[in-house]
Amino acid sequence: MAGLGSLGERGAAGDAEPVCWIAVAASAGDRHVAATGRRVDAGFDVTLLDLDPEIQRRYYDVISNQTLWFSYHGLFDSSREPSFDDDWFDSWAAYRAVNTRFAESIAETAAIGAVVLVQDYHLALVGRVLGRLRPDLASVHFHHTPFATPDELSVLPDQVREELLDGLRGHTACGFHTQRW
């Protein structure tokens, strides 16, 4: 599942501040740890977000994997656009809610002036929300998939396309696998 890392600024001696990885609680054991409010020690702190299963399904399956992944890879059949009905927009609301939850968790966790690394398209909206909550943070988004061309993005509803691009614009920097993207 999608996650992110938060690094503090380097101190005078060059040592990095503590690292925290924030991720979705994907298993029953993960959800148990998340419910206790404990952090997992894996050589760095791990914070697990326990999402409602239906919200998680809509965020991850419907939007991230059935919509964005296909859009970013240019795999939608343009003669038969995907259907954007009320149920799909309910899933978009879940995607937005999960991204907001990640941004809030980062805002609560990150040290003043930290550098935050946001990984992948599952968290494309985090940048703008995080910027409003914690303008002191520098955030970098790295996209692990191809990035859609304007034509491939045009398959998405206008409002959704604008939110995705605005979320990415909210970061200090964005990284992609190739210069083309």
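Tyr59, Tyr60, Phe84, Trp88, Phe89, Trp92 and Tyr95 form one aromatic cluster. Here, rings of Phe, Tyr and Trp (its six-membered ring) pair if their centres lie within 6.5 Å. This is a predicted model, in which local features need pLDDT of at least 70, side-chain atom pairs count only at pLDDT 80 or more, and totals for chains, interfaces and linings use all residues. Residues are numbered from 1 along each chain as its sequence is written, and side-chain values use heavy atoms, with hydrogens and water left out.

**Aromatic pairs**

- A pair of aromatic rings is described by the distance of the centres and the angle of the planes.
- Planes under 30 degrees apart count as stacked, over 60 as edge-to-face and the rest as tilted.
- The count comes to eleven aromatic pairs.
- In one of them, phenylalanine 84 and tryptophan 88 have ring centres 4.6 Å apart and planes at 80°, so this pair is edge-to-face.
- Tryptophan 88 also pairs edge-to-face with phenylalanine 89, at 5.1 Å centre to centre and 85° between the planes.
- Tryptophan 88 has a relative accessible area of 5%, so it is buried (under 20% relative accessible area; exposed is over 50%, partly exposed in between, with a 1.4 Å probe and protein chains only).
- Phenylalanine 89 counts as partly exposed because its relative accessibility is 29%.

**The chain as a whole**

- The chain holds six helices and seven strands (DSSP runs numbered from the N terminus: helices are H or I with at least four residues, strands are E with at least two).
- Along the sequence, the pattern reads β-β-α-β-β-α-α-β-α-β-α-α-β.
- The chain has 181 residues, and 42% of them count as buried.
- Take the contacts between residues at least 6 apart in sequence: 71% of these join residues at least 24 apart (contact means heavy atoms within 4.5 Å).

- Arginine 58 sits in helix H2, which spans residues 53–72.
- Arginine 58 counts as buried because its relative accessibility is 13%.
- Leaving aside neighbours within four places in sequence, arginine 58 is in contact with Ile63, Asp87, Asp90, Ser91 and Ala94.
- Phenylalanine 102 belongs to helix H3.
- Phenylalanine 102 is buried, with a relative accessible area of 0%.
- Leucine 49 is 53 residues from phenylalanine 102 in sequence, and their C-alpha atoms are 8.0 Å apart in space.

**Helix H4**

- Helix H4 covers residues 126–133, and its buried residues are Val126, Gly127, Val129 and Leu130.
- Seen down the axis of H4, these buried residues fall within an arc of 165°, so they line one face of the helix (the arc is that of the directions from the helix axis to the C-beta atoms).
- Their cover includes helix H3 (86–109), strand E5 (115–119), strand E6 (138–142) and helix H6 (158–169).

**A surface patch**

- Trp69, Phe70 and Leu75 form a nonpolar patch on the surface, with about 260 Å² of accessible area together.
- Patches are made of residues with over 30% relative accessible area and no salt bridge, with like charges joined within 9 Å and nonpolar side chains (Val, Leu, Ile, Met, Phe, Trp, Tyr) within 5 Å.
- A salt bridge is a side-chain nitrogen of Lys or Arg within 4 Å of a carboxyl oxygen of Asp or Glu.
- Leucine 75 lies in the loop between H2 and H3.
- Leucine 75 is partly exposed, with a relative accessible area of 48%.

Methods
Accessible areas come from the Shrake-Rupley method with a 1.4 Å probe; for residues, only the protein chains shown count as cover.
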